[in-house]
Amino acid sequence: MIVVAGEALIDLVPQGTGALAGLLPRLGGGPYNTAVALGRLGSPTAFCSRVSRDAFGGALLDGLTGAGVDVSSVQRGDEPTTLAVATIGTDGSAAYSFYVEGTADRLFSAPAALPEATRAVSFGTCSLVLEPGASAYEELMRKAAAQGVFTALDPNIRAGLIPDPDAYRARVLSWLPSVSLLKLSEEDAAWLGGTPREWLAAGPAAVVVTRGGDGLTAFTRDGSEHSVPGEAVDVVDTIGAGDTVNAALLHGLAGRDGLSPAALAGLGPEGWTEILRFAARAAAITCSRAGAEPPYASELGGA
């Protein structure tokens, strides 16, 4: 089982141009999208979070269970659901404003234990910024890594939520000894500072950098680089594309028994190329649809 830990929220997606365009609610949140994508790809998946008991929270849980995701580790609260208002650029890229004060997902507490069948845990996005939940997710990450569980991290930087950028950069770097796979966009990489080689030296067995339509590159500790181009597609928006990449990488690695640092080291050029191409195809399908709508396994070939 792959456990995805982090926020579930509602994206409010504009249905036109201008500040007063109508907004359509969509299920979202980086970790939530990753869990749904993994479920749709057929990977046994569990979601670990705290979700509101309001109507939005109920819809979020329905979306998870509809994708086959185990929600037994989801905590519930009476606080409202976090809202993210999206702005879509002319190229389909998305920017966000967040309504997070007093919301349910911020009050997550670390569970006593992960599900017994856990092979990997994935972390990322707002959940690692907003306290007090951020410290609880950090605790879970460090505990999982200490127990030898494969850990994946996608910082998915939302700069508007980060009051002290330098402090958060230092915090992200402090997590790297507990991270097996670091995935980030080239925009995240520029914001974080440093290079893939520097990040690898701090702990991860592999770093994957996404470049939008230009594709993906995996960097490994042995000095290798493996790149694939992006898949051509008519972009509606990019909401959920990076989260789909997360899921596709984990799904592909799981299918090769690759969820360990040693296995990543032995993956080789052919294995990395196949997994990266699979991730690029999956992300392209997500970009061809409005909102975060990752593909099902039936829409893709093998990883």
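Predicted model: local features only at pLDDT ≥ 70, side-chain atom pairs only at ≥ 80, totals over all residues.
Rings of Phe, Tyr and Trp (its six-membered ring) pair if their centres lie within 6.5 Å; planes under 30 degrees apart count as stacked, over 60 as edge-to-face and the rest as tilted.

Residues are numbered from 1 along each chain as its sequence is written, and side-chain values use heavy atoms, leaving out hydrogens and water.

**Exercise 1.** Find the aromatic cluster, and the arginine over one of its rings.

*Solution.* Step one: Tyr168, Trp175 and Trp191 form one aromatic cluster. Step two: Arg169 lies over the face of Trp191, 4.2 Å from the ring centre. A charge sits over a ring if NZ of Lys or CZ of Arg is within 6 Å of the ring centre and within 35 degrees of the ring normal.

**Exercise 2.** Classify the ring pair Phe108 and Tyr137.

*Solution.* Step one: the structure holds 4 aromatic pairs. In the pair of Phe108 and Tyr137, the ring centres are 4.0 Å apart and the planes are at 5°, so the pair is stacked. Step two: Phe108 lies in the loop between strand 8 (94-99) and strand 9, and Tyr137 in helix 3, so the pair ties together parts 29 residues apart in sequence. Helices (H or I, at least four residues) and strands (E, at least two) are DSSP runs, numbered from the N terminus. Step three: Phe108 is buried at 3% relative accessibility, and Tyr137 is buried at 1%. Buried means under 20% relative accessible area, exposed over 50%, partly exposed in between (1.4 Å probe, protein chains only).

**Exercise 3.** Describe where Ser52 sits and what it touches.

*Solution.* Step one: Ser52 is found in strand 5 (residues 50-52) and is buried, with a relative accessible area of 2%. Step two: not counting residues up to four places away in sequence, Ser52 touches several residues, including Gly57, Arg76 and Ala104; contact means heavy atoms within 4.5 Å. Step three: Ser52 and Arg76 are 24 residues apart in sequence, yet 5.6 Å apart in space, C-alpha to C-alpha. Step four: a polar atom of the Ser52 side chain lies 2.5 Å from the backbone oxygen of Glu79.

Definitions and conventions:
Polar contact = N/O pair within 3.5 Å; in protein donor to acceptor, adjacent residues only side chain to side chain.
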